[in-house]
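Student: I would like to learn how to read the features of a protein model, step by step. Could we look at one together?

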Amino acid sequence: MSEVVITTELRDKFGKGAARKIRRESKVPVVLYGHGSEPQHLSLPGHDLLLALRTPNVLIRLEGAVTELALPKGVQRDPIRGFLEHVDLILVRRGEKVTVEIPVTVVGEVADGILDQQLVSVSVETEATHIPEGVEVDVEGLEIGTQITAAELKLPEGTTLAADPEALVLIVAPTPVAEPDPEAETVVSEDAPAAEGDDTEKAE
């Protein structure tokens, strides 16, 4: 799994005004908590933290004012401009188990029909410092009607399923067939021969 190092600073001023000042300095207000300890209020470099959070379940090694390992637990972004407003981090220890969501990626092509993926991520329990980046599902050659449940996912060694084992991950469904529109008008070519008994006047 990915691990990044980010330098921390302690902060002793709180509230919206203090948070705005931190963000003007291109930093992000952060709260670090877990293991029954008192929450620690920190500020982290905004650019470094933004890059780190692009990776799901990134392991962050905090250095500087605080030296700890942490996982992102909650992220608040500006709804318009998208910059980080606040981040919650949870303390982890090497060797301990955590429950996280990992992405489900489909590889291959089905033999027929269309692929309907019901789950794009799945909850698993795994070692905090060895969180898998995701799980792949090979659908190569699957036939219509095939279903894959969470229990059938091939998880990496040391990772166990925390989700409902009967949860449907994907199904191969028949390709929809377009029904004819009964209101569609039949177009008749002007060059088509007149029907028998046509009383159209003949040219003299």
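This is a predicted model: local features need pLDDT of at least 70, side-chain atom pairs count only at pLDDT 80 or more; totals for chains, interfaces and linings use all residues.

Student: What is a salt bridge, and how many salt bridges does a search of the whole structure find?

Tutor: A salt bridge is a side-chain nitrogen of Lys or Arg within 4 Å of a carboxyl oxygen of Asp or Glu. A search of the whole structure finds 6 salt bridges. Among them, Arg 61 pairs with Glu 63, with the closest N and O atoms 2.8 Å apart, and Glu 68 pairs with Arg 93 at 3.2 Å between the closest N and O atoms. Glu 68 lies in strand 5 and Arg 93 in the loop between strand 6 (84-92) and strand 7, so this pair ties together parts that are 25 residues apart in sequence. Helices (H or I, at least four residues) and strands (E, at least two) are DSSP runs, numbered from the N terminus.

Student: Which residues are linked in a network of salt bridges?

Tutor: The network links Glu 3, Arg 61, Glu 63 and Arg 94.

Student: How should I read whether a residue is buried or exposed?

Tutor: Buried means under 20% relative accessible area, exposed means over 50%, and partly exposed lies in between (1.4 Å probe, protein chains only). Lys 21, with a relative accessible area of 45%, is therefore partly exposed, and Glu 25 counts as partly exposed at 42%. Lys 154, by contrast, counts as exposed because its relative accessibility is 75%; Lys 154 is found in the loop between strand 11 and strand 12 (160-161).

Student: Which residues of the largest nonpolar core touch the most other members?

Tutor: A nonpolar core is a set of buried Ala, Val, Leu, Ile, Met, Phe, Trp, Tyr and Cys residues joined through side-chain atoms within 4.5 Å. The largest one here has 24 residues, and those touching the most other members are Val 92, Val 98, Ile 102, Val 122 and Val 137. Two or more residues each come from strand 5 (68-77), strand 7 (97-107), strand 9 (121-127), strand 10 and strand 13 (168-173), and the largest share, 4 residues, is given by strand 7.

Student: Which residues other than glycine have a positive phi?

Tutor: His 35 is one of them, with a phi near 60 degrees, and His 35 is found in the loop between strand 2 (27-34) and strand 3 (37-45). Asn 57 has a positive phi of about 55 degrees, and Asn 57 is found in the loop between helix 2 (46-52) and strand 4 (59-64).

How values were computed:
Residues are numbered from 1 along each chain as its sequence is written. Side-chain values use heavy atoms; hydrogens and water are left out.
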